[in-house]
Amino acid sequence: EVDIAPNFGAELKDGFKPVNAWVSNGIAWLDDIQQFYRERSAIEKEYSQKLSALAKKYFEKKTKKQSSLSVGDTPTVTPGSLESASMTTWTVQLSTLEQRAAEHERYSAQLINNLAQPLQALAQQYEDLRKQHAEYAAKLEKERDGVYGELRKTKGKYDSVCQEVENRRKKIENSFDHGKTKAQGAYQQQQNDMRNTKNTYLIAINVTNKQKERYYHEYVPELLDSLQTLSEAKTGALNKLWMTAASLETDTLQRSLRLLEHLSGEIPRNNPVLDSMMFVRHNASQWQDPPDFAFEPSPVWLDDDVMASDPASKTFLMNILSKSKASVGELKRECDAKRREVEGAKRVRQAIREGRDKRDELQVVRSQFYHQEALHEAERKMITAEIEVSTILSSVGDVTVGARKHAFRNETFRLPTNCDLCGDRIWGLSAKGLICNDCGFTCHLKCELKVPADCPGELDKEARKKMKAERQASAQAQAATLEPPTSNGASSPNGTGHRGSMPSLQRSDTLGSMNTLSSGYAASAQRSVSALTVKSTADNETQQPTGRHRIVAPPPATYANGADATAEDEQHGKMLYAYQATGDGEISVSEGQSFTLMEPDDGSGWIKIKPSSFGASPGLVPASYAEIVPQSPFADRPMSTAASASTVSLAGSDSGSVKQKRVGPAVAPRRGGAKKAATPAKKQVEALYTYNANGPGEVDMEEGERMVLVSADQGDGWCEVEARAGKGVVPATWVKEV
């Protein structure tokens, strides 16, 4: 509130120009306001149209999906015109949206008719009045300037009369006696005119001052007060229109609010059970459990549904029974824990629905579903284990009584190792197997359930080796009885040499033997420790070179099976297809090219190799273009990589066939190339004695010769070195590190 109302005339005096500009700006602002309401009206109208279009669009969608959402796609009972409770509630929401669209269209028209147009007319009226004030102010100013001009003219006339009097006086002084009388008369007359003109000038001054006073103290202040009144009247009219705008919008919102209140009252009537009830009533049908599965004999092997109970089958069933019985208790505890978690989530969900818990129900449902899945998996495992136990017990009884199970652990065999059960290699794709912590029994993962429970208990290293040899001999003997004969009906002759008889290499059925070697040869090439013969010291002493005395030392006392070694031998292979290098780090190789594997495939689809040809550089090739063929270790020592280029002819080989050039498979893109392998520091050893190679893979060395240590002794009494004579293995006790 204002205590003292301001007065433009008293406060601003000669301030018509700024006051007039201010009032003019205020009146022009009315045009902005009416434009605002016109644009607001356009927005409301557009919003109304969009709401109507939205409601129409979803009414059409509802019509198309009404039946499937209410009773499903294939109801057994036709619903007719009925719709579910949720669809009815959705109809109310769409109807409410249409009504709100109509309210916004109505409000849009009111903004134009009740606000924009009155504002436009009001602005025109006030602008006309302001212009009249401006014209009147210009008239007053013109009158003032006219008075000032008359005063200036009077002053100029007075100045000229005074100058004429002075001229007459000078003329008297310069006139002769006969003309002085006349001159004095003219001078006297001029003085009278001067006095009259002076009086006129003084009167004009007073008149001008009075007019000036009235102009600045009456005329202009009254005009300013009138402009002030005009501006305040404009503001009052604008306030009325603003109140009208607020009232119109309030009425619109109240009508929309009543529509929403009606909608809010309809939503709670949509009981979630009603949709389920309608769906069930329109989809109920007679249903029976599917029949149980029964044993169906193979069309090529007639059999019955009696469980096999021969010794091998009992061993298999015993292993299954042991595993299942051991897991039932743990699975029951796991199921109980998971069930408690599910029940807890259900209680929290119920509390959320009742309003006693403020947590997000969606997150609780997600947690419940996660625990439900975990419970389902645990229950499936538990049911499987329980049925396995009950089935086996009812068929063959408890065959686990008195069993001495092996304490198996998972093991990845980096060196070629034979399974103690089937005799096949644990190598390549099946390099992962099992080994007993107590007795050292090794087997494939697939053979675990076939292993008899006859673990002798914890054994020392020597006992393990002996037991290993016996198991291998038994496995090889059993495998030999299952191998098919050669093409001539007899086994291939064993080679003669210092190592005694050895089984021949021959092609075998890879499906029957489950051999994991990529070359497809049978595992009968594995040697047994019992088949080896050690050359005596006397035989070594007979090999004396000429020109130098050699110190001959006894050979290593024992040779361990290569399966117990943990050193990582080099791997070799050959190219299945020719490859042409296309990028940095790659090399071009031909089909059939043999190589040494330097870096295996790390998941990128590429391997790093070094071709066996002289002077070839290592590089990258696609892993799918190559075949990795691990070397067959001898029973008494690891095979050196120097013996990879073997010239032994295999029975039944296809070396005479003509090879045709083949196209390799698609090459996987390189992911940044192969990693550069770290190069370990090279160790050197010195020969304590002179040694002559006695078999493949060994190398000669001279007493005192220094060599590079490639692979240290892994417990088998041999080490691999790179000597002047080449690369191979020598007795580990015949060298020393330097």
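**Exercise 1. Describe the salt bridge of Asp 145 and the exposure of its two residues.**

Solution. Step 1: the side chains of Asp 145 and Arg 144 meet in a salt bridge, with 3.1 Å from N to O. A salt bridge here is a side-chain nitrogen of Lys or Arg within 4 Å of a carboxyl oxygen of Asp or Glu.

Step 1: note the basis of the values. The model is predicted, so local features need pLDDT of at least 70 and side-chain atom pairs count only at pLDDT 80 or more, while totals for chains, interfaces and linings use all residues. Residues are numbered from 1 along each chain as its sequence is written, and side-chain values use heavy atoms, with hydrogens and water left out.

Step 2: assign the exposure classes. Buried means under 20% relative accessible area, exposed means over 50%, and partly exposed lies in between (1.4 Å probe, protein chains only). Asp 145 has a relative accessible area of 36% and is therefore partly exposed. Arg 144, at 15% relative accessibility, counts as buried.

**Exercise 2. Which residue forms a salt bridge with Arg 40, and which helices hold the pair?**

Solution. Step 1: the partner is Glu 249, with the closest N and O atoms 2.9 Å apart.

Step 1: locate both residues. Arg 40 lies in helix α2 (residues 16-71) and Glu 249 in helix α4 (residues 177-266), so the pair ties together parts that are 209 residues apart in sequence. Helices (H or I, at least four residues) and strands (E, at least two) are DSSP runs, numbered from the N terminus.

Step 2: Glu 249 is partly exposed, at 28% relative accessibility. Arg 40, Glu 44 and Glu 249 are linked in a network of salt bridges. The structure holds 27 salt bridges.

**Exercise 3. Are the partners in the salt bridge of Arg 255 with Glu 103 buried or exposed?**

Solution. Step 1: in this salt bridge, the closest N and O atoms are 2.4 Å apart.

Step 1: the pair links distant parts of the chain, with Arg 255 in helix α4 and Glu 103 in helix α3 (residues 85-174), 152 residues apart.

Step 2: Arg 255 is buried, with a relative accessible area of 15%. Glu 103 counts as buried at 13% relative accessibility.

**Exercise 4. Describe how α2 packs on α3.**

Solution. Step 1: two packed helices are described by the angle between their axes and the distance between the axes. Axes are lines fitted to C-alpha atoms, for helices over the stretch in contact, and angles run from 0 to 180 degrees between N-to-C directions.

Step 1: the axes of α2 and α3 come within 8 Å and cross at roughly 165°. That makes α2 roughly antiparallel to α3. Angles under 35 degrees count as roughly parallel, over 145 as roughly antiparallel, 65 to 115 as roughly perpendicular and the rest as oblique.

Step 2: the crossing of α2 and α3 is left-handed. The term left-handed applies if the near helix is turned anticlockwise from the far one by less than a right angle, and right-handed if clockwise.

Step 3: the contact of α2 with α3 has 30 nonpolar, 15 polar and nine charged residues. Ala, Val, Leu, Ile, Met, Phe, Trp, Tyr, Cys and Pro count as nonpolar, Asp, Glu, Lys and Arg as charged, and the others, Gly among them, as polar.

**Exercise 5. In what order do the five strands of the open sheet with β9 and β10 stand, and which are the edges?**

Solution. Step 1: the order is β9-β8-β7-β6-β10, with antiparallel pairing. Two strands pair if DSSP finds at least two bridges between them.

Step 1: β9 (619-622) and β10 (626-629) stand at the edges with a single partner strand each, so one side of each is left without a neighbour in the sheet. Neighbouring strands of this sheet are turned by 50° against each other on average, direction ignored.

Step 2: Strand β7 (residues 594-599) is joined to strand β8 (residues 606-611) by four bridges, and the two run antiparallel. Glu 599 stands opposite Lys 608 in β8.
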